[in-house]
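Please consider the predicted model below.

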Amino acid sequence: MSPQSAQQLSAFEESALSYADQLFRVALRVLRHHEKAEDLVQETFLQAWKSFHRFEPGTNLRAWLFKIMFNLHHSNLRRNKLQIVPVEETVFDTLAYDPPTPQFITEEEVLSALERLPRDFQVPVILADIEELSYNEIAEALNIPKGTVMSRLHRGRKLLRMELVNYAKSYGLKVSEQ
Amino acid sequence: MQTIDCRNFKEVLDSYLSDELAVETNHAVMRHAEHCAGCRSEMGARRKLRGVLREAVTATTATPEFRNRLRERLRAEASADVSARPAVKKPGRESLFAKWFGQFSMPQLAMAMAAVLVVIVGSAYLFSSSNQAQAATLSPAILQQAAGDHDHCAAFWRSLTQSETDPIHNVETYDPSLQDLGKHSPHKALGLKFHYAHVCSEGERKFVHLIYSRGDDLLSLLVTQRNAQAMKDGVVPTDDGGKAGLQRELGLMGQYTVSAFQTSRHVVLLVSSLDEQTQQIFVEKLAQPISNLLRQRGK
């Protein structure tokens, strides 16, 4: 390796690899498969390394990495014949109704509720409420307008709460039947 | 002084917890919580939910073995000669891109490459840096807007039962020259199901949106007016009279395949979940006839 490459690589490792955990846990939520998530993260870093000379220092590295990751993820989906689910119908049903959030929620319940969210709403919730990306960063990472980020986030949070309420209800019902 | 009721409180509560509200609304939320026990309890529950969610997800980290593998892989990649550095690949990916690019001439290839780069780097300068007139035919913004939320739009309208002879809603106020596109579209011969046509907007731009499906795939045919100011500024070349068919641009925008034609007044885009090769069929058999129709009408 030339000294120049070595220097570049250490700069890359120092800055980009610190986001490996964040990318991995988001990939894991989206793909729900440990090895596939590792593959996606690896592919993301290799792609990022290849394009690192195009990255402008001072701009948002984390958003850039997420953007690469979601582009790769989307092209993988396309290759595997993406199925489009008419999410709007679910959303329309829930818009008017906003029940109280359950007071006691376990990590297991919340993860399973998160998994049941439609992909388009799940990802903005993960990026905003867990990884704390700004609207602009999410818009950048997902290639969607900021307004769309805001509306999906709003609906996604609401859908997540609805999932938890439904879970609590079904649990409550079982208990009362016993 | 701004005040809010319980319903509004619940609407903005998530944004409050994320510190996304304006100062004034923030204060209104706090004032409401002070006086309303029910909403205070809801605030507590949502805050708790946020915490549990974060802890549950961040409990997972990449394993040290994976990190080591990743470093090794990067070093191997970096050791390769920089100028001859091979592309990152998985089997299948390269061949797909090779096939895709293989069928285009150099300017088209340059445009397609530019579209892909824009997806990756998200910057407009790539387009403006090219001296070729063709490379400026469509701005990244229009592709972004075309590939925006139209699949939600399409999925929603597909679920409604509509007669395909229905006129396009609101088209009169947008652009009367786009009337009855559905009637002239050759979808039947192509085995496409036509669902609905309407006018919708994405960003600053309005689109006449025709929705088709083919099995699970959704196809959106979008027609929008060209930017008159840009044409005046000489950014967009005028219609070439169809010497070589029409201007064409192909690109991948996130999960969509996007193709576009332009006439002297309109841009016709086909946005779908199809793969590039299948898309190509509908570009020629569906988008092109519609573009030709608009050219006829424009004369």
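Is B:Arg69 buried, partly exposed or exposed? B:Arg69 is partly exposed, its relative accessible area being 43%. This residue forms a salt bridge with A:Glu38, in which the closest N and O atoms are 2.7 Å apart. Because A:Glu38 lies in helix H3 (residues 34-51) of chain A and B:Arg69 in helix H4 (residues 64-79) of chain B, the pair joins two chains.

Within chain A, a salt bridge links A:Arg29 to A:Glu115, with 3.8 Å between the closest N and O atoms. A:Arg29 belongs to helix H2 (residues 20-31) and A:Glu115 to helix H6 (residues 107-116), so the contact ties together parts that are 86 residues apart in sequence. A:Arg29 is buried at a relative accessible area of 10%, whereas A:Glu115 is partly exposed at 31%.

A:Glu137 and A:Arg62 also meet through their side chains in a salt bridge, at 3.3 Å from N to O. Here, too, distant parts of the chain are linked: A:Glu137 sits in helix H8 (residues 135-142) of chain A and A:Arg62 in helix H4 (residues 61-79) of chain A, 75 residues apart. A:Glu137 counts as buried, with 13% relative accessibility, and A:Arg62 is buried with a relative accessible area of 14%.

Beyond these pairs, a network of salt bridges includes A:Asp129, A:Arg157 and A:Arg161 from chain A, and B:Asp14, B:Glu20, B:Glu42, B:Arg46 and B:Arg50 from chain B. Over all chains, the count comes to 19 salt bridges.

Technical notes
Residues are numbered from 1 along each chain as its sequence is written. Chains are lettered from A and ligands numbered from 1 in the order in which they are written. This is a predicted model: local features need pLDDT of at least 70, side-chain atom pairs count only at pLDDT 80 or more; totals for chains, interfaces and linings use all residues. Side-chain values use heavy atoms; hydrogens and water are left out. A salt bridge is a side-chain nitrogen of Lys or Arg within 4 Å of a carboxyl oxygen of Asp or Glu. Helices (H or I, at least four residues) and strands (E, at least two) are DSSP runs, numbered from the N terminus. Buried means under 20% relative accessible area, exposed over 50%, partly exposed in between (1.4 Å probe, protein chains only).
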